[in-house]
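Biologist: I would like to go through this model with you. Please tell me what each term rests on.

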Amino acid sequence: MIVTQAGSRRVLAWDAVGLVVRLGLAAVWLLSGFEKASDPRETIVAVRSYELLPESLVGTMAATLPYLEISLGVLLVLGFATRLAAALSAVLLLVFIGGVISAAVRGLSIDCGCFGGGGTVAPGATTYTLEILRDIGFLTLAGYLIWRPDTPLSVDRFVRRRSDAAASTTEEETVE
Amino acid sequence: MAQGSSGRKPTGPQNKGSTGGNSSKSAASKPPKGKQQSISRKSVAQARTSNTNNRTQLIIGAVAIVVIAAIIIIGIVMNQKATAVQNAGYGASTKSVATETGGVVTVSNPTAAGTSPKVIDLYEDALCPVCAEFEAQFGQQINQAVDEGKLTVNVHMLTFLDPRSFSQTYSTRAAAAMLCVAQKDGSQSGVYLGFHSALFASGTQPTEGGTSDLSDQQLADLATSKGASDAAAQCITSGQNIAAATAADKSSTATLSTATGGRVGTPTVVQNGKPVDIQPPDWLTTLLAQQ
């Protein structure tokens, strides 16, 4: 935003997009994480319904997953290690997409439990395609942030500006 | 792999520190001749910035990993508290008796001395997996509270999950079986609650959308193994209470719906006409401590 050249408008536009994407993905993780964390019994049932994990690991996964999501949400809200958080988000989303596809392929009738809830549903009441498309949408957000992790109102940018200012005078050059 | 430094590729820019990021900027210490010469001063400064940035990025990344780990560890601890089995080790109820009225089974210990018991209405479906989690977590605490005369439980078995059972009728048949045990053996201490717990036990409860569930004969055998009489087994295998279970589902669904403002889900605990929040692991302890 300090840039005063002709490209400033474009920079502002990129900034706006980046901010919306980052906070959007953060909201997704915080919402889904808190929903899962608020009903641990339901989350256990949801994890178990995928029939992918041995019973001994179901509880661990159900306990870990909500808080992994929340931690990614927290990092993204702060704009702290944005690229790392986005990369981990992408990995997690790929795992989710894989899980839903595998449930569909195996003919399970389950709700993905993506935002809490979960467990089985009546045959014909599954929404796998929608769930996968939604996850691909979130994956796009994560991909964008891997590509352009520098967003306004972020710890990352604050820290980089400071270290740039301390190290040299070529601040403008490093603004992408 | 064991040949010393053979892992390094002979070609390509020789990045010091191998931090991966911004390779085009960080190779300034030894520019491979050409156009770089014209911008030497600037690029050196830029490289310094870039190295600082790389180090900063590493630190930020490491801190981020620590933050993630910390949140997950805190979460697991919280989760363990939230899902901890209450009164683990108490085991089955030994002093409770059951009476059936209009398809609702009341479990209590009227012979216990002391304070008048708190009364809750418990709504479950025999196929409901969260009910099984509920039973696993709170079953023993409920058994103990009932045995000690501190709690009376009105058990309402709903049947809305019938269509998701293999036989399409499991919830109703299991509810009917429970009515049989209550009617025939309700006065036998602990038998009804024992059968109730057994139905939700891991390995016994059929899965939703599964490829099998319990037949009437299997339900009768399970009841017998928990101390039910031949009369109860006979009642189960003959399907004597199917209609009663269906009627009870209707009336109990109505009362539950009234209490919750239209939301019918299981497990639900209702006290004094209002749903109880059963997410806190100490909900029953709190309820029992009420004046």
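Modeller: Let us start with a definition. A salt bridge is a side-chain nitrogen of Lys or Arg within 4 Å of a carboxyl oxygen of Asp or Glu. Keep in mind that this is a predicted model.

Biologist: Why is the pair Arg48(A) and Glu133(B) called a salt bridge?

Modeller: The closest N and O atoms of Arg48(A) and Glu133(B) are 2.9 Å apart. The cut-off is 4 Å, so the pair qualifies. Across the interface of chain B and chain A, the rule finds 1 salt bridge. Over all chains the count comes to 10.

Biologist: What makes Asp15(A) and Arg157(A) a salt bridge?

Modeller: Their side chains meet at 2.7 Å, N to O.

Biologist: How do you know that chain B and chain A are in contact?

Modeller: Contact requires heavy atoms within 4.5 Å. By that rule, 32 residues of chain B are in contact with 34 residues of chain A. Together the two chains bury about 3000 Å², with 66% of it on carbon and sulfur atoms. Residue pairs in polar contact between chain B and chain A number 4, with both residues at pLDDT 80 or more.

Biologist: Which elements of chain B give two or more residues to the side that touches chain A?

Modeller: They are helix 2 (40-83) and helix 3 (129-147) of chain B. Helix 2 of chain B gives the most, with 22 residues. The residues on this side of chain B divide into 17 nonpolar, 11 polar and 4 charged.

Biologist: What makes a space in the model a pocket?

Modeller: A pocket is an open set of grid points with protein on both sides within 12 Å along at least five of seven lines. The largest pocket has a volume of about 1100 Å³. Of the 47 residues that line the largest pocket, those closest to its centre are Arg48(A), Glu55(A), Ala132(B), Glu133(B) and Ser202(B). So the salt-bridge partners Arg48(A) and Glu133(B) are named in the lining too.

Biologist: Which element gives the largest share of the lining of the largest pocket?

Modeller: Helix 3 of chain B does, with 9 residues. The lining as a whole divides into 16 nonpolar, 24 polar and 7 charged residues.

Biologist: How do you know that a cis peptide bond joins Thr266(B) and Pro267(B)?

Modeller: Omega there is about -5 degrees. Pro267(B) lies in the loop between helix 8 (242-260) and strand 5 (268-271) of chain B.

Biologist: How many helices and strands does chain A have?

Modeller: Chain A has 7 helices and 2 strands. Along the sequence they follow the pattern α-α-α-α-β-β-α-α-α.

Terms used
Residues are numbered from 1 along each chain as its sequence is written. Chains are lettered from A and ligands numbered from 1 in the order in which they are written. This is a predicted model: local features need pLDDT of at least 70, side-chain atom pairs count only at pLDDT 80 or more; totals for chains, interfaces and linings use all residues. Side-chain values use heavy atoms; hydrogens and water are left out. Buried area is the accessible area (1.4 Å probe) that two parts lose on being put together, summed over both. A polar contact is a pair of N or O atoms within 3.5 Å; within protein, one must be able to donate a hydrogen and the other to accept it, and residues adjacent in sequence count only if both atoms are side-chain atoms. Helices (H or I, at least four residues) and strands (E, at least two) are DSSP runs, numbered from the N terminus. Ala, Val, Leu, Ile, Met, Phe, Trp, Tyr, Cys and Pro count as nonpolar, Asp, Glu, Lys and Arg as charged, and the others, Gly among them, as polar. On a 1 Å grid over the protein atoms alone, a cavity is a set of points where a 1.4 Å probe fits but cannot get out, and a pocket is an open set with protein on both sides within 12 Å along at least five of seven lines; lining residues have an atom within 4 Å of a point. Grid points are joined across faces, edges and corners, and a volume is the space filled by probe spheres set on the points.
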